[in-house]
Amino acid sequence: MPPADPVHTAEPVDRGVVLVRAARRGDTLALHDLLDHLTPYISRICRPIALDDGPDATQEALVAVFTSLRSLREPEALYGWVRAISVREAVRVAKRAGRARPAELADVPERGDPHLAADIDDVLARLSPAHRAVLVLRDIEGMDEESAAALLGVPTGTAKSRLHRARQSFRKAWSA
């Protein structure tokens, strides 16, 4: 019996690393599998930041991963590297789509209004992309403020103040 193919038998956590190594050796099937493997992860990061433009941000992030794969120094750092690309692309796409200015929170519909979408996306849409990004990284991805700041390329104090303002605005909009 031939040995098992390591690309298709690796554990989920290690699968991406195995696929990166194979793709960097020129295995186009592994590259295709890698992008398929990363798509749900990238989408989970991009969607809450870029909102309706989440699919576009996901595509932009996948293109950036594809074109920059050779620059990944350590395959074991794949998910952190992909997260950084995804956040950057999601914020860029959201800003390009004209969502850079926050909505007036006073315009939030009253509770019970049939036009109010009773989900997180409605409230997130009222935050700027920078505030959504730090909120997603901290409260959804579970990163600490220092790591989120490093990923966003801002000082820790800036990330902390953005997080504070984002949480405050989120609470205000959610309870309105």
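Ser128 counts as buried, because its relative accessibility is 7% and the cut-off for buried is under 20%. The model is a predicted one. Ser128 sits in the loop between α6 (120–124) and α7 (129–140). The side chain of Ser128 makes a polar contact with the side chain of His131, at 2.8 Å.

**The chain as a whole**

The chain holds nine helices and zero strands. Along the sequence the pattern reads α-α-α-α-α-α-α-α-α. The chain has 176 residues, and 42% of them count as buried. Take the contacts between residues at least 6 apart in sequence: 66% of these join residues at least 24 apart.

**Two helix pairs**

Helix α5 (residues 78–96) packs against helix α3 (residues 28–50), with axes that come within 9 Å. Helix α5 also meets α7, and here too the axes come within 9 Å.

The crossing of α3 past α5 is right-handed.

On the α3 side, the contact is made by Leu34, His37, Leu38, Tyr41, Ile42, Ile45, Cys46, Ile49 and Ala50. On the α5 side, the partners are Leu78, Tyr79, Val82, Arg83, Ser86, Val87, Ala90, Val91 and Ala94. Sorted by type, the residues of this contact are 15 nonpolar, two polar and one charged.

The α5 and α7 axes cross at roughly 155°. Angles over 145 degrees count as roughly antiparallel, so α5 and α7 are roughly antiparallel to each other. The crossing of α5 past α7 is right-handed. From α5 come Arg83, Val87, Val91, Ala94 and Lys95; from α7 come Pro129, Arg132, Ala133 and Leu137. These residues divide into six nonpolar, no polar and three charged.

**Buried residues in loops and helices**

Leu51 lies in the loop between α3 and α4 (54–68). Leu51 is not a glycine, yet has a positive phi of about 55°. Most residues other than glycine have a negative phi. Leu51 is buried, with a relative accessible area of 11%.

Ala173 is in helix α9 (residues 156–175). Ala173 and Leu124 are 49 residues apart in sequence, and their C-alpha atoms are 9.1 Å apart in space.

Ala149 is in helix α8 (residues 145–152). Ala149 and Leu137 are twelve residues apart in sequence and 9.5 Å apart in space, C-alpha to C-alpha. Leaving out residues up to four places away in sequence, what does Ala149 touch? The partners are Val154, Pro155, Thr156 and Ala159.

The table gives the accessibility of the residues discussed one by one.

| Residue | Relative accessible area | Class |
|---|---|---|
| Ser128 | 7% | buried |
| Leu51 | 11% | buried |
| Ala173 | 5% | buried |
| Ala149 | 1% | buried |

Note on methods
Residues numbered from 1 in each chain as written. Predicted model: local features only at pLDDT ≥ 70, side-chain atom pairs only at ≥ 80, totals over all residues. Heavy atoms only, no water. Axes fitted to C-alpha atoms, helices over the stretch in contact; angles between N-to-C directions. Helix = DSSP H or I, 4+ residues; strand = E, 2+ residues; numbered from the N terminus. Left-handed = near helix turned anticlockwise from the far one by under 90°. Contact = heavy atoms within 4.5 Å. Nonpolar A, V, L, I, M, F, W, Y, C, P; charged D, E, K, R; others polar. Buried < 20%, exposed > 50% of the residue type's maximum accessible area, 1.4 Å probe, protein only. Polar contact = N/O pair within 3.5 Å; in protein donor to acceptor, adjacent residues only side chain to side chain. Parallel < 35°, antiparallel > 145°, perpendicular 65-115°, else oblique.
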